[in-house]
Amino acid sequence: MSLAWKKSAIAMIAAGMLVGSMAACSTERDSGTDAGAGDGDDETFVGIAMPTKSLERWNRDGSHLDGLLKDAGYETSLQYADNKVDQQITQLENMINQGADILVIAPIDDTALAPTLQQAADADITVIAYDRLLLGTPNVDYYATFDNYGVGKMQGEFIVEALDLENAAGPFNLEPFAGSPDDNNAKFFFAGAWDVLSEHLDSGKLVVPSGKAPSSNDDWQSIGVQGWSSETAQSEMENRLNSFYASGTQVDVVLSPNDSLALGIAQALAGNGYAPGDEYPVLTGQDADKANVLNMIAGKQSMSVWKDTRALGDQVAKMIDQIVAGETVEVNDEETYDNGEKTVPTYLLQPQVITPDNVDVLVESEFYKAGDLGL
Ligand code: GAL
C-alpha cells in the first residue's frame, strides 16, 4: 500500500468519522437553584474514587472533576487506588464513614464493589458510575460515560478503511487485543470492533496467524490484557511475533482497544524491526494519551479515539448539581447499560477519531498545548 494512499485514506477516515464536535469547555454550572449546587454548597460532600494514577487519563479525569466541584463550593475527597481493588474498597468505606452524600466511582473491578455499595445505599448515598459501569448491584443510580460500543466501532471502521477491505484482495494479517477482563467497557470496545471486522474474517480477507481470534464477542476475555498493562501487551505482542511471524510474515494490522496497550504493542513492533513507513501495521488506540499522539505523529500508531474527559467531568458535575437541587437528572440512554441487577440511567458522550491528520483538534480544544505535541 503506497504511503500516499494510506495518508489519503486516513485523511478521509478522520473527516468521515468525525462524530460531533466536542464542546470541550467547562459548562457554566447550573446555579439557578437555591439548593446551593454551583454556588458554594459546602453541605454536600462528594467522594471521587479513581482507579489509578498510572494511566494518564485518570489523572485528568480526577483533577478536572475535583476542581469543578471545589470551585462550586462542594466538599470533596479525591482518591486514587493504584489499581488495587482492596484499596479502592477501603477508600470508599472511608468516604461513607466520613458522611459522603454522593459517590463518583470509576471501579477497578466492576463486579467487586457490591457489598460496599450496599453500605452506601444504607447510608442513603447517591452513586454515579464514572466511565466504567458498576455491575451486579441495584445500588448504582446513574452512569456517565462515552459510547463504548461506538469506540470499538470506530476502531473497526478505521481498519476497514485503512486496509480498503471492501476492495483489496488480502489476506491481511491481524493481531487482535482486548482490554482488562475485569472492565465492562472492554466488552463493549471489543464488540464494536469485532462486529465490523467479522465479515472480513469470515471472507478470509483478515486472518489471525497467532490464532488468537475470539470465537465470538462473548469470548473477548480470551485476549484480554489485565489492568490495561502496557508491559503485558508488549510481552504478548513479542510472543506472537516470535512464535508466528519468525518466517518473515508481516503483521498488517493490530486491533488495540486503548492507548496504554498500543504503547506496549508499538514497543514490541519496534523491537521486531518494524519502522514507520509503508510496511508499518495499522495500529488502533483510544484516549489520545500524549505519548500515543506523539507516536501517531511519528508514524508508530495510526489512530486513537479521543474521549474529552473534561466533557465527561462537566456532565458528572452537572448531574451532581441536579441531584443536589432535587431536579431530574439528565440522561440520554435508559436501555443499553444493564448491570445484571438493573438498567442504569446513563448519559453517553460521543468520542472522536484522532489521526496524524487532525491532531490539531487536540490543540484547538486546549486538551494539549502545541508544545506538548512538538507542534
Ligand atoms: C477503560 C476506559 C478507557 C481505557 C481503559 C484504561 O475503562 O474507558 O478509556 O483507557 O479503561 O484506563
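**Ground rules**

Before I look at any helix pair, I note that an axis is a line fitted to C-alpha atoms, for helices over the stretch in contact, and that angles between N-to-C directions run from 0 to 180 degrees. I am working with a predicted model, where local features need pLDDT of at least 70, side-chain atom pairs count only at pLDDT 80 or more, and totals for chains, interfaces and linings use all residues. Residues are numbered from 1 along each chain as its sequence is written, and side-chain values use heavy atoms, with hydrogens and water left out.

**Overview**

I looked up the secondary structure and found eleven helices and twelve strands. These are DSSP runs numbered from the N terminus (helices are H or I with at least four residues, strands are E with at least two). The protein has 375 residues, and 56% of them count as buried. Here buried means under 20% relative accessible area, exposed means over 50%, and partly exposed is in between (1.4 Å probe, protein chains only). I also checked contacts between residues at least 6 apart in sequence: 74% of them join residues at least 24 apart. A contact means heavy atoms within 4.5 Å.

How do helix 7 and helix 8 pack? Helix 7 (residues 230-244) meets helix 8 (residues 259-271) at an angle of about 40°, and their axes are 7 Å apart. The two are therefore oblique to each other. For that word I use these limits: under 35 degrees is roughly parallel, over 145 roughly antiparallel, 65 to 115 roughly perpendicular, and the rest oblique. Helix 7 passes helix 8 in a right-handed crossing. On the helix 7 side, the contact includes S230, A233 and M237, and on the helix 8 side it includes L261, G264 and A268. As for handedness, a crossing is left-handed if the near helix is turned anticlockwise from the far one by less than a right angle, and right-handed if clockwise.

Next I followed helix 8 to helix 9 (residues 290-297), where the angle is about 50° and the axes are 9 Å apart. That makes helix 8 oblique to helix 9. This crossing is left-handed. The contact is made by D259, A262, L263 and A266 of helix 8 with A291, N292 and N295 of helix 9.

**Rings**

I searched the whole structure for aromatic pairs and got seven. Rings of Phe, Tyr and Trp (its six-membered ring) pair if their centres lie within 6.5 Å; planes under 30 degrees apart are stacked, over 60 edge-to-face, and the rest tilted. W306 and F367 are edge-to-face because their planes stand at 65°, with the ring centres 5.3 Å apart. W306 is in strand 10 (residues 304-306) and F367 in the segment after helix 11 (360-364), so this pair ties together parts that are 61 residues apart in sequence. Are the two buried or exposed? W306 is buried at 1% relative accessibility, and F367 is buried too, at 9%. I also noted that Y143, F188 and Y337 form one aromatic cluster.

Then I looked for charges over rings, where NZ of Lys or CZ of Arg has to be within 6 Å of the ring centre and within 35 degrees of the ring normal. K53 has its charged end over the ring of Y80, 4.4 Å from the centre. R240 lies over the face of F177, 4.1 Å from the ring centre.

Most residues other than glycine have a negative phi, and most peptide bonds are trans. Which residues does a cis peptide bond join? It links G170 and P171, with omega about -5°. P171 sits in the loop between helix 5 (148-163) and strand 6 (172-176).

N83, which is not a glycine, has a positive phi of about 60°. I place N83 in the loop between strand 2 (75-80) and helix 3 (85-97), where it is partly exposed at 31%. D287 is not a glycine either, and its phi is positive at about 110°. D287 lies in the loop between strand 9 (282-283) and helix 9, and it is buried, at 8%.

**Two buried loop residues**

W220 is in the loop between strand 7 (206-207) and helix 7, buried at 5% relative accessibility. Beyond four places in sequence, W220 touches residues including A178, P181, F190 and P214.

A100 belongs to the loop between helix 3 and strand 3 (102-105) and is buried at 6%. Its C-alpha atom is 7.5 Å from that of T44, though the two are 56 residues apart along the chain. Leaving aside neighbours within four places, A100 is in contact with F45, M95 and I125.
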